[in-house]
Amino acid sequence: MADTPQAALDERVKDISPIRKALIRPELGGIIGTVAVFTFFALLAGSSGMFNAQGIMNWTTVSAQFMIIAVGACLLMIAGEFDLSVGSMIGFAGMMVAIFGVTLGFPMWMAILITFAICLACGWLNGYIVVKTGLPSFIVTLATLFILRGFTIFIPQTVERKTIIGGIREAAEGDWLAPLFGAKILGGLFQWFGDIGLIAVFERGNRAGQPVVDGVPMLIVWAIVLIVFGHLLLTRTKFGNWIFAAGGDAQAARYVGVPVNQVKILMFMFTAFCATVFAVCQVMEFGSAGADRGLLKEFEAIIAVVIGGALLTGGYGSVIGAALGALIFGVVQQGLFFANVESSLFRVFLGVILLLAVILNTYIRRIITGER
Amino acid sequence: MDPIVRMTNIAKHFGSVIALNGVSVDVFPGECHCLLGDNGAGKSTFIKTMSGVHKPTSGEILFEGTPMSFANPRDAIAAGIATVYQDLAMIPLMSVSRNFFMGNEPVKTIAGMRFFDHDYANRVTMDEMRAMGINLRGPDQAVGTLSGGERQTVAIARAVHFGAKVLILDEPTSALGVRQTSNVLATIDKVRKKGIAVVFITHNVRHAMAVGDRFTVLNRGQTLGTALKGDITPEELQDMMAGGQELATLEGSLGGTV
């Protein structure tokens, strides 16, 4: 070995073209999938109204729902753990808002804050049990899935003798915190869009003259904020490096002083936070909480994350990729509806996309990380 | 010269198992101290005691002349004792620069928030790697694309960069090919010349002979003695490691190739 510190090029290090370098990234599968899905629906459902203001708002809202829970699931998966209780947590959180805000008559802001506190505590407990017992998070959160769902059905049945509690919108009237989850913003801008003819306006009825899309729901704002936050946290901070390290090899990370257990517990709490945001936005929009809300959401979140290029065993992934995975999910689900395709085919389509994306992602990841 | 680490009569019991039964080793700055022993001799337990993973059942550890009791590896690292483990040195999925600064991330403050200083991390990583003779394609290259020897070298460079005074290497060459081994041995030589004490654990006498200044042989949890370079032949070391007689019978049938 030469002692001179010169940058002599190793003949075995192949030069990589800039184009290839720009392409080879964890999000590539998600990017290709997004382009493919949009092309597909532009051809199949281009004339169905999928791409007018109302249509766009429709699939954007659905995608934003997936994005919110995908960001949490993504960071947790990169930290090396799963949370299967996300779906139950959504149902449970919505029910808590209803129980505290409607049944018990607390002010809505207090009901929302209590709900967040309870759900973050559940997330903490998930994480604490996983890191203390060393059990797979798959099993621990599977237990939480059943426990939370059970309570979500039991509590309203006991106190209200029903499994759907309404009246949330009325209870939230005039509250200072509720609009953060249920309001729409930029209403003026959309009114102006309607006035200048950029988007359609209602022609008859009591809303005549108003634009068909009257603002951006806070749900979408939350999705964007969480994606930006998650992406910056993961790629641009010290803590982000710890998330990668905790999932990549927990023991190696511990040897250099990374607080792996705290990182994992915090990520379980963040996942719970995302699920609660989703739940509160949903009950504000529907005006009611139902015991069956959020069913199977945990798998939809995991699918979005995996389509986005994350490795199921942790240590590798991208928040932007997960967001694209969620977008694909939302566009496919709503697009098939616009294209008048039998809705059961949604599952077939989803399965095919999942398989293709994972194969492509595995190939890309091997190039990047030198796995064999 | 005083030893930087002096470990006297270290014993470690795990329940009824006596893993170490009175091990004494002195490590001096700027020397490569080879710790030899067959599997089960207690090498790993001993270095884990030195690096703060295990607390000794009895015995004394002096670090720079003062008695030390490390509660955890973090304490030992802070004091300047760094350990490079054979297969747990690096995270293959992460980039070289992310690995290099893992647990010691540089931060810069933008608008009141603290961000990972990637520019600084990348620059330092490239410089350190070049100094160790590894040509990276870029600091964002994943560690998984490096060879085993290069990974050990990155881990050693990392420990040195973060101020290690004592560097413990746990069988760094045992899984490597000939060329990679010589690279790692050359790295050990460079580190020693910087005045850092190197504790080199191995069961390969030839690797030990190539860089070692002093040799301590462990057998069944005890020190069989410490020898200086030149005072002992590879054959004698080999015999001590294997406990003498058993190897003698082997040697007959294998023609002394072991």
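Predicted model: local features only at pLDDT ≥ 70, side-chain atom pairs only at ≥ 80, totals over all residues.
In chain B, an open sheet is built from 6 strands, arranged in the order 6-9-10-3-11-12 with mixed pairing. The pairing of strand 6 of chain B with strand 9 (residues 166-170) of chain B is parallel and extends over 4 bridges. Within chain B, B:Thr83 is found opposite B:Ile168 of strand 9.

In chain A, helix 11 (residues 238-248) is largely enclosed by the rest of the structure, because 9 of its 11 residues are buried. The buried residues run from A:Phe239 through A:Gly240, A:Asn241, A:Trp242, A:Ile243, A:Phe244, A:Ala245 and A:Ala246 to A:Gly247. Their cover comes from both chains: it includes helix 3 (53-78), helix 10 (218-236), helix 12 (250-255) and helix 13 of chain A, as well as helix 3 (96-100) and strand 8 (113-116) of chain B. At the start of helix 11 of chain A, the backbone nitrogen of A:Phe239 has a side-chain oxygen of A:Thr237 within 3.4 Å.

Helix 13 of chain A, one of the elements covering helix 11, spans residues 260-286 and contains A:Thr276. A:Thr276 counts as buried because its relative accessibility is 0%. Leaving aside residues up to four places away in sequence, A:Thr276 touches A:Ala93, A:Thr115, A:Phe116 and A:Cys119.

Key:
Residues numbered from 1 in each chain as written. Chains lettered and ligands numbered in written order. Heavy atoms only, no water. Pairing = 2+ DSSP bridges. Helix = DSSP H or I, 4+ residues; strand = E, 2+ residues; numbered from the N terminus. Buried < 20%, exposed > 50% of the residue type's maximum accessible area, 1.4 Å probe, protein only. Contact = heavy atoms within 4.5 Å. Polar contact = N/O pair within 3.5 Å; in protein donor to acceptor, adjacent residues only side chain to side chain.
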